[in-house]
Amino acid sequence: MEKVSATLAESTQRNLSMQDQRIDTRLHPGVAVGGKHSSWKEEAGMLRASTRYLMLLLHCPLLLLLLPLSSRMQKLPTRDEELFQMQIRDKAFFHDSSVIPDGAEISSYLFRDTPKRYFFVVEEDNTPLAVTVTPCDAPLEWKLSVQELPEEASGEGSGEPEPLEQQKQQITNEEGTELFSYKGNDVEYFVSSSSPSGLYQLDLLSTEKDTHFKVYATTTPESDQPYPELPYDPRIDVTSLGRTTVTLAWKPSPTASLLKQPIQYCIVINKEHNFKSLCAVEAKLSSDDAFMMAPKPGLDFSPFDFAHFGFPSDSNAGKERGFLKSPSKFGRQTSSKPRVDLHKVCIGNKNIFTVSDLKPDTQYYFDMFAVNTNTNLSTAYVGTFARTKEEAKQKTVELKDGKVTDVFIKRKGAKFLRFAPVSSHQKVTFSVHSCLDAVQIQVRRDGKLLLSQNVEGVRQFQLRGKAKAKYLIRLKGNKKGASMLKILATTRPNKQLFPSLPEDTRIKAFDKLRTCSSVTVAWLGTQERNKFCIYKKEVDDNYNEEQKKREQNQCLGPDTRKKSEKVLCKYFHSQNIQKAVTTETIRGLQSGKSYLLDVYVIGHGGHSVKYQSKLVKTRKFC
């Protein structure tokens, strides 16, 4: 017995000496904490006393049993404000500890089916107590109980210690009195205005998966108020509903309106479900379910755990974004779910907000969290959900065989057209001329998708026909702005109203051939004989690419130009596509002036297409 006692005492003394050294390095002489001045020696003595007792009680219980129980046991301090403020600035003081600090939120983790226990001490009877447990991404089972601390030995006042086996049995058999228990994924509270003194223990268990959680405990709940208070009506109201927008409103937190504490509101939008805590949201946003930040190695870790800190997911889906890319050979295997469509936006202290860029006829879930920016702790409003309105029914435009139809599409909008040939046909041809930016065309025949492509300039598509077939054409506009286009559908393969174009529709200017009164340019043609007309327009020297872009409507023909701007028209083609290039010298220009040049190609049906405009400048001195 003496050997066991000596060995334990020696081990404990080494641990306490190391702890003393850590304490001394944290404290600084003459620091003002909590509005009061104290010397570093006093603080060190207080901190050593509490730390020594915790280590004796929690990490070396056998030594406690071997030592004689005096008339009174040393108590654990709960809220010496000077000591607490000093400790809470040093987060490492409680890292990987089984001790819950008074008045500070801790974050920790649970492996599935592996219980975890935390402790804290209440010194005096009739002490207020509040404990908050926040599950992050899995339901938890937790229980709070209290156990009286033995104050006197039972050896009839003789001072003799009880036999070892009897003392051991006394401690291990006492489970304590259960005060509260809960099972679920809600943020749950235990609140008591008058709690007995004793050693409190909090037991937590996750049976679904590895997860993390947060715990907050305080003996001064009235003065702390770390979590923002909810208004009397904590619901989120949907005040306006559109096809792509939802407007939300909520009542402000009294913590902001009455207590004047800094509160900001964070909105969370997703398509799956409501969230009950911001902790759960951040677990989804930061990475997949298989990852969370690993604490430093300590009492709660074995080398096996720290070799690869990861959490197995419920799904065996492929990997997504995460910090732990490849699993360790010795560690826990990780897998991840497909990334959820989840968005969080913090909007300051406003209490009305419009969510935009939503999809029509889609159900969304909205959650609101009030965040105290001083404590970084949050409270959830009652979430809501709403379905955006359906896309407005589009009027379908009927296309006539061989007739050009002009189409205008709003930004991000779409138009539907229908083509129903009256006679049987072997082939059907769709010719599309996009006047501005690219548009997307989809063609379905009797519900079957035949074509889906983006179109710039002039494109022609020839599809296999079918007797009595009906074609539905969907044209989708550009995100940058409104779209304009011309479309022709025909069952007659020889009826081509749009002229053919080369792949490159740029105009090239020859710098060495520039003079004070002329410029020489060239452009490509095709094997088809077409008419080309070239026009010029004098512009200012500060004319830029943005202005040029606004005039790039390829559907505007020569009939929109002034007669004075016309240079010439000519026919041109070449059977050898490599030689299908023509040049032209434009004369009669003024020296040192800038001009915008345009080339139009005109097809047999009279429809024209404009090449890309070219900005040129004559020489100032010759």
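Mentor: Before we start, helices (H or I, at least four residues) and strands (E, at least two) are DSSP runs, numbered from the N terminus. This is a predicted model, where local features need pLDDT of at least 70, side-chain atom pairs count only at pLDDT 80 or more, and totals for chains, interfaces and linings use all residues. Residues are numbered from 1 along each chain as its sequence is written, and side-chain values use heavy atoms, with hydrogens and water left out.

Trainee: OK. How many helices and strands are in the chain?

Mentor: The chain has ten helices and 33 strands.

Trainee: And what share of the residues is buried?

Mentor: Of the 622 residues, 43% are buried. Buried means under 20% relative accessible area, exposed over 50%, and partly exposed in between (1.4 Å probe, protein chains only).

Trainee: Which residues of helix H8 are buried?

Mentor: H8 covers residues 278–286, and its buried residues are Leu278, Cys279, Ala280, Val281, Ala283 and Lys284.

Trainee: What covers them?

Mentor: The cover includes strands E5 (127–135), E10 (211–218), E13 (263–270), E14 (342–346), E16 (363–372) and E17 (377–380). Contact here means heavy atoms within 4.5 Å.

Trainee: Switching to loops. Where is Asn126?

Mentor: Asn126 sits in the loop between strand E4 (116–122) and E5. Its phi is positive, about 60 degrees, although Asn126 is not a glycine. Most residues other than glycine have a negative phi.

Trainee: Is Asn126 buried or exposed?

Mentor: Exposed, with a relative accessible area of 60%.

Trainee: What about Lys468, where is that?

Mentor: Lys468 is in the loop between strand E23 (448–464) and strand E24 (471–476). Phi of Lys468 is also positive, near 60 degrees, and the residue counts as exposed at 77% relative accessibility.
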